[in-house]
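Biologist: I am new to this structure and would like to learn how to read it. Could you walk me through some features step by step?

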Amino acid sequence: MRAILKRELFIYTSSFKAITISLFIYLSTALSSYFFSRNFTTIQNHGAEVDITSSIKFFVFFLGPILVAAVFYDIFNKEIELRTIRLLITKTSLLKIFLGKILAAFLFWLLTLTVSYFLVYLSSGKIYFQEFMSSISCILLSLSVVVCFSILFDRGNQSLLVSILMGIVFPVLGLISSMSDTWYWSIVHAVIPYYANELTLGLLLVPFIAALILFCLSYFILQRKDY
């Protein structure tokens, strides 16, 4: 599994698409956090709320599912389509391949978010732990859905299309659930962590559990694929 993890992580961290996304997030975060930290009092005096992590939240909660899909939409069906997964299975187990790929994708986003929140810390001198955890939970949930689609669909363009649609639906559902008080929308609000900084740390476990269930379902489907 370690070899799979290293190989996949190297591919992601050296990918032009992934590097571009990460650098754009870093640049936006650095500029916005610097602006808000330097004009905090002025903005508040005009009656506006200051959220120094707003740039990160925009990328995570609004664009997160689409950004995850853009990088990882073919994380499994590419191997299946090219039949390279047969060669991998002869060298290691399917479970190790599955875990190695998922961990590499998660570590890529963990690194991206860690650097982003560190840039916020440099500007504000404050650690936004709950916001960081909510961002991780949203990205992990998006990743679990993208992984599931990548296994369900045999072609990368199919999983990309469905993942992009999911990336549009997620924020809409999250926005509706954050404004509704009914019990069923409350469940959606807990699972899709839109504005998750309003939730307690205990409720932030819900998206992690939902992602774990989707990962287990994905592996179950992967086991039954014809290679």
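Biologist: Let me begin with a pair of helices: which handedness does the crossing of α9 and α10 have?

Modeller: The crossing of α9 and α10 is right-handed. Please keep in mind that this is a predicted model.

Biologist: How should I describe such a pair in general?

Modeller: Two packed helices are described by the angle between their axes and the distance between the axes. Here, α9 covers residues 129-152 and α10 covers residues 156-179; they pack at an angle of about 150°, and their axes are 9 Å apart. An angle over 145 degrees counts as roughly antiparallel, so α9 is roughly antiparallel to α10.

Biologist: Which residues make the contact between α9 and α10?

Modeller: From α9 come Leu-141, Ser-142, Val-145, Val-146, Phe-149 and Ser-150, while α10 supplies Ser-159, Val-162, Ser-163, Met-166 and Phe-170. Sorted by class, this contact has seven nonpolar residues, four polar ones and no charged ones.

Biologist: What span should the 24 residues of α9 have at 1.5 Å a residue?

Modeller: They should span 34 Å, and the end C-alpha atoms of α9 are 35 Å apart, which agrees.

Biologist: How many residues of α9 are buried?

Modeller: In α9, 20 of the 24 residues are buried, so this helix is largely enclosed by the rest of the structure. The buried residues of α12 are Pro-207, Ala-210, Ala-211, Phe-215, Ser-218, Tyr-219 and Leu-222. Across the chain of 227 residues, 45% count as buried.

Biologist: Now another pair, please. At what angle do α4 and α5 pack?

Modeller: Helix α4 (residues 54-62) and helix α5 (residues 64-72) pack at about 65°, with their axes 4 Å apart. The range for roughly perpendicular is 65 to 115 degrees, so α4 is roughly perpendicular to α5. Phe-59, Val-60 and Phe-62 of α4 meet Gly-64, Pro-65 and Leu-67 of α5. Five residues of this contact are nonpolar, one is polar and none is charged.

Biologist: And how do α2 and α5 cross, left-handed or right-handed?

Modeller: That crossing is left-handed. The axes of α2 (residues 16-38) and α5 come within 9 Å and cross at roughly 155°, which means that α2 is roughly antiparallel to α5. On the α2 side, the contact uses Lys-17, Ala-18, Ile-21 and Ile-25; on the α5 side, Leu-67, Ala-70 and Val-71. Six of the contact residues are nonpolar, none is polar and one is charged.

Biologist: Let me try a single residue. Where is the place of Leu-107?

Modeller: Leu-107 sits in helix α8, residues 94-124. With 33% relative accessibility, Leu-107 counts as partly exposed. Leaving aside neighbours within four places in sequence, Leu-107 is in contact with Leu-5 and Leu-9. Leu-107 and Thr-13 are 94 residues apart in sequence and 10.0 Å apart in space, C-alpha to C-alpha.

Biologist: To finish, how many helices and strands are in the chain?

Modeller: The chain has 12 helices and zero strands. Among its contacts with a separation of 6 or more, 76% are between residues 24 or more positions apart.

Technical notes
Residues numbered from 1 in each chain as written. Predicted model: local features only at pLDDT ≥ 70, side-chain atom pairs only at ≥ 80, totals over all residues. Heavy atoms only, no water. Axes fitted to C-alpha atoms, helices over the stretch in contact; angles between N-to-C directions. Helix = DSSP H or I, 4+ residues; strand = E, 2+ residues; numbered from the N terminus. Parallel < 35°, antiparallel > 145°, perpendicular 65-115°, else oblique. Left-handed = near helix turned anticlockwise from the far one by under 90°. Contact = heavy atoms within 4.5 Å. Nonpolar A, V, L, I, M, F, W, Y, C, P; charged D, E, K, R; others polar. Buried < 20%, exposed > 50% of the residue type's maximum accessible area, 1.4 Å probe, protein only. Expected span 1.5 Å × (residues − 1).
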